[in-house]
Amino acid sequence: LGFISEIKTVTKLQERRGLAVVGDSIKFDPEVLNEQGDYWILANGAEINIAISIENQGNVTEKDVNIIVTYKSEDNVADEKSYTITSIDPSNQEIVTFSGFTAYPGRKCEIEITAGPVPGEVLMTNNSLIIKFMMEN
């Protein structure tokens with residue numbers, strides 16, 4: 001009986017909180033044809049759509065997680081879109097899609113995807129990802 005009462009008093013695991021943008025999960029539409037130096041080369045199209053996985057690397061279910069995408073072209077045209085993940089369980093990934101970015105064929109562009117941070121998050125180096133790209137003319 002003493003053993004059972006000891007088990008009942010074990011404290012909860014320490015809360016760990018953290019999100020990550022899963023870089024190798026990113027998908028572009030139009031597709032990536034190849035890379036030239038630091039730039040990904042996209043096929044030509046009227047607009048750009050992006051899908052990316054966001055992972056809860058903590059041990060707590062996170063709620064109302066903000067994901068922001070900032071899109072810039074070399075001539076400083078900028079657009080920003082956001083999405084809120086209602087709930088994401090520990091170790092789970094959620095694919096978030098952003099659609100309707102204006103295409104600027106032949107211009108150097110970059111996109112930055114940022115997840116969170118969530119309250120109490122310690123490691124934030126994997127919360128954002130920047131990708132440089134150009135769309136074919």
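**Rings and charges**

Phe28, Trp40, Tyr71, Phe101, Tyr104 and Phe133 form one aromatic cluster. The model is predicted, so local features need pLDDT of at least 70 and side-chain atom pairs pLDDT 80 or more, while totals for chains, interfaces and linings use all residues. Numbering runs from 1 along each chain as its sequence is written, and side-chain values use heavy atoms, without hydrogens or water.

User: Hello! How many aromatic pairs are there by this rule?

Analyst: Glad you asked! Rings of Phe, Tyr and Trp (its six-membered ring) pair if their centres lie within 6.5 Å; planes under 30 degrees apart are stacked, over 60 edge-to-face, and the rest tilted. Applied here, that rule gives a count of 5.

User: What kind of aromatic pair do Phe28 and Trp40 form?

Analyst: Let's look at the geometry. The two ring centres of Phe28 and Trp40 are 5.8 Å apart. Their planes make an angle of 75°, and the pair is edge-to-face.

User: Which strands hold Phe28 and Trp40?

Analyst: Strands here are DSSP runs of E, at least two residues, numbered from the N terminus. This pair links distant parts of the chain, 12 residues apart. Phe28 sits in S1 (residues 19-29), and Trp40 in S3 (residues 39-42).

User: Is Phe28 buried or exposed?

Analyst: Buried means under 20% relative accessible area, exposed over 50%, and partly exposed in between (1.4 Å probe, protein chains only). Phe28 has a relative accessible area of 9%, so the class is buried.

User: Why is the pair of Tyr71 and Tyr104 stacked?

Analyst: The ring centres of Tyr71 and Tyr104 lie 6.1 Å apart. The pair is stacked because the angle between the two planes is 25°.

User: How many residues apart in sequence are the parts that Tyr71 and Tyr104 tie together?

Analyst: Happy to trace that one. Tyr71 and Tyr104 are both buried. Tyr71 belongs to strand S5 (residues 62-73), whereas Tyr104 is in the loop between strand S7 (93-102) and strand S8 (108-115). The parts they tie together are therefore 33 residues apart.

User: On to charges! How many salt bridges does the structure hold?

Analyst: A salt bridge places a side-chain nitrogen of Lys or Arg within 4 Å of a carboxyl oxygen of Asp or Glu. One of them joins Asp79 and Lys81 at 3.9 Å, N to O. Lys81 is partly exposed at 24% relative accessible area, and Asp79 is also partly exposed, at 27%. The number of salt bridges is 4.

User: How exposed are Glu110 and Lys72?

Analyst: Each of these two can be read from its relative accessible area. Glu110, at 22%, is partly exposed. Lys72 is partly exposed as well, with 36%.

User: Where do Asp75 and Arg107 lie?

Analyst: Their side chains meet in a salt bridge, 2.8 Å from N to O. Asp75 counts as partly exposed at 39% relative accessibility, and so does Arg107 at 28%. The pair ties together parts 32 residues apart in sequence, because Asp75 lies in the loop between S5 and strand S6 (78-88) and Arg107 in the loop between S7 and S8.

Key. Helix = DSSP H or I, 4+ residues; strand = E, 2+ residues; numbered from the N terminus.
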